[in-house]
Amino acid sequence: MQYLPNLFFALALIAGIGFFVMNIRKLSRNIKLGKDVNRTDKKPERLKNMLMIALGQSKMVKRPLSGFLHIVVYVGFIIINIEVLEIIIDGLFGTHRVFKGLLGDGFYGFLIGTFEILATLVFVAVVIFWLRRNASNIKRFLSKEMKGWPKNDGNNILYFEMVLMSLFLIMNAADIHFQEAGVGNTISKFIVPLFDGFSAETLHTIERTSWWIHILGILVFLNYLYYSKHLHILLAFPNTYFANLNPKGQFNNLESVTTEVKLMMDPDADPYAAPAEGAEEAVPEKFGASDVADLNWVQLLNAYTCTKCGRCTSSCPANLTGKELSPRKIMMDTRDRLEEVGRNIDANKGVFVDDGKQLLNDYISPEELWACTSCNACVEECPVNIDPLSIIMDMRRYLVMEESAAPQELNMMMTNIENNGAPWQYNQQDRLNWANEE
Amino acid sequence: MIVPTMADMMAQGKQPEVLFWVGAAGSYDDRAKKISRAFVKILHQAKVDFAVLGTEESSTGDAAKRSGNEFLFQMQAMMNIEVLNGYEVKKIVTCDPHSFNTLKNEYPSLGGKYEVYHHTQFIQNLISEGRLDIDNTTLKGKRVTFHDPCYLGRANEVYESPRDLIKRLGVNLTEMKRNKSTALCCGAGGAQMFKEPEKGDKDINVLRTEDALETKPNIIATGCPYCNTMMTDGIKFKEKEAEVLVKDIAELIAEANNL
């Protein structure tokens, strides 16, 4: 009987981590639905980006207030996790504050004291975040794509963090021996007076209850990640590692097009030649992207990494002038559709069955796509190097090359380029007239 | 104005130091043609041995690519590359950041590998090589703000060359609240230049012009013919054309040096 709590703890741990791993495998499978793109070159530069941008938060602090608060929560989160390690060992082996004996009273007290201060700072920062989201007039939190689940998701995360930090402090405050030792109770000692007159037994119950809810809460939170924008705490690392390293103005040249153009321009090519063996399969199904499987895996990883902060949208010239386009919505739609496709695969024994829907039109409208100026403001702004512009461009490619569905003025512009080598209808023979006009 | 072509040069058995890629706007747009001429005057003053492709130049395909027409882009690119490689061009300068970006970044993998400069970088080099001086008295005391072209700034991280040249004019450079990497687009990029904007509550060039007007400038300096059009239209919309001029940096230098 005395091992019952240990057993229960072990089962909870296995269930919590097991379910999380199962979902991560699903996430990984969904990302692999994307097309291949090579992002394994220039490893030192990629590593540097990851260390600077994800670990070092270098792009977060470009907006100083939210950047600073974010670092508080981030540092607090990482460091307090050392305490979670102790909780896990205690839970599995029935020990109590096992690190205390290992590290010595003084150092242990210093650690816990630091954790308590961090927990308090995290709590304060999270409350400010909540106020910014719910009681301030910050436009990027009020956009129409943020109604419903995205808004609730943001708040849920903040509530989780508030509760977890409070439980950590309450647990310490109700630990009689810890308080009597008086080392490391930097913050929790101020909570102790609230328990004035409580019996030792009651305090023990409060301490145990807080301890259990705290660790179970962490396991629940871990599993909440998969359903939430909060995945960025994990995916920010691979996302910055695999991000595009070329100049932002450089858009990829579609290789499938290069092959065809070379053939068209080759005077020796025989247009009536039978296709080479196997060439039929080599012809791509379509140019550009109309659904998530037409995007590459980094673009899909981007979608899962996006935490919907909206810095992209708040810097987008189209969005700032009231157009439908919001780069954040492009990322949210891509993830929503990808998850829909993933559920479809799960429901159909591992095969995608056409559901008559796609990313284009059902999620992202041509009007949004055509409003983009390709200015790269969204790409520049993203604190974790997400590239919404590449998705917009791939979808424009589909609209133009597969559907011939460009706006009429753009069709005219392209016809002019084809006919006279300029976007306007001027004679190519007049191209040097400017030199003699003054 | 003497503007030699590569064909002329080749006929004389000469290879110029640099090819001036004029671009569609610089060739055909009345406002942008003035920028091309101002830049040529600077090239002449610095005794740069240059040439243009003239009637052999064709659209880089940038607007087609940004519209999603990869076929047309690559057709244009391959035709241009054939011409450029035929003349054994090594070094290119252009006043158009869109051509600059495409030639520099998107042509190499299609077989067109050149050293490509934006005209502000090229002029900066002429100065550091002692081939050109900028008179810092003509425009002295003017308030100038610089609008970063997206395809020069964020796209290629060239922020300092245009600013360095503006400072050499002896003017007061005042920055807009959104500048360099956070600069707002003029609204022309991504082929928007060639179409009506989607419905919204404002035009992008008007918003950007408001950014510029907040700095109370005498001159809005640009480094892109399309930005120039958008900002000029914005100034007209705001009915400020009597007080505020929109000028390319090449035009400002030509004016300062009385060319």
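The following legends describe close-up views of a predicted model. Residues are numbered from 1 along each chain as its sequence is written, chains are lettered from A and ligands numbered from 1 in the order in which they are written. Because the model is predicted, local features need pLDDT of at least 70 and side-chain atom pairs count only at pLDDT 80 or more, whereas totals for chains, interfaces and linings use all residues.

**View 1. Chain A is built from 21 helices and 0 strands.** Helices (H or I, at least four residues) and strands (E, at least two) are DSSP runs, numbered from the N terminus. Chain A is more spread out than a compact globule, because its radius of gyration (taken over C-alpha atoms) is 28 Å, well over the 22 Å that the globule rule gives for 438 residues. That rule is 2.2 Å times the number of residues to the power 0.38. The C-alpha trace of chain A spans about 95 × 60 × 40 Å along its principal axes. Of the 438 residues, 38% count as buried; a residue is buried if 20 or more other C-beta atoms, placed from the backbone, lie within 10 Å of its own, exposed if 12 or fewer, and partly exposed in between.

**View 2. Helix H2 (residues 43-55) of chain A packs on helix H10 (residues 232-241) of chain A.** The angle is about 140° and the axes are 7 Å apart; axes are lines fitted to C-alpha atoms, for helices over the stretch in contact, and angles run from 0 to 180 degrees between N-to-C directions. H2(A) and H10(A) are therefore oblique to each other, since angles under 35 degrees count as roughly parallel, over 145 as roughly antiparallel, 65 to 115 as roughly perpendicular and the rest as oblique. From H2(A), the contact draws on Arg46(A), Asn49(A), Met50(A), Ile53(A) and Ala54(A), and from H10(A) on Ala236(A), Phe237(A), Thr240(A) and Tyr241(A). Two residues are in contact if their C-beta atoms, placed from the backbone, lie within 7 Å.

**View 3. Ser374(A) has a positive phi of about 55° although it is not a glycine.** Ser374(A) is placed in the loop between helix H18 (366-370) and helix H19 (377-381) of chain A. With 26 other C-beta atoms within 10 Å, Ser374(A) is buried.

**View 4. H3(B) and helix H11 (residues 249-256) of chain B pack at an angle of about 50°.** Their axes are 8 Å apart, and the angle makes H3(B) oblique to H11(B). H3(B) contributes Lys34(B), Ile35(B), Ala38(B), Phe39(B), Lys41(B) and Ile42(B) to the contact, and H11(B) contributes Ala250(B), Glu251(B), Ile253(B) and Ala254(B).

**View 5. Lys180(B) has a positive phi, near 50°, in a residue other than glycine.** The residue lies in the loop between strand S6 (172-173) and H9 of chain B. Lys180(B) counts as partly exposed, with 16 C-beta neighbours inside 10 Å.

**View 6. Chain B meets chain A through 57 residues of chain B and 58 residues of chain A.** On the side of chain B that touches chain A, helices supplying at least two residues each include H3 (30-45), H5 (70-86) and H9 (204-213). H5(B) gives the most, with 7 residues. The residues of this side divide into 21 nonpolar, 22 polar and 14 charged, where Ala, Val, Leu, Ile, Met, Phe, Trp, Tyr, Cys and Pro count as nonpolar, Asp, Glu, Lys and Arg as charged, and the others, Gly among them, as polar.
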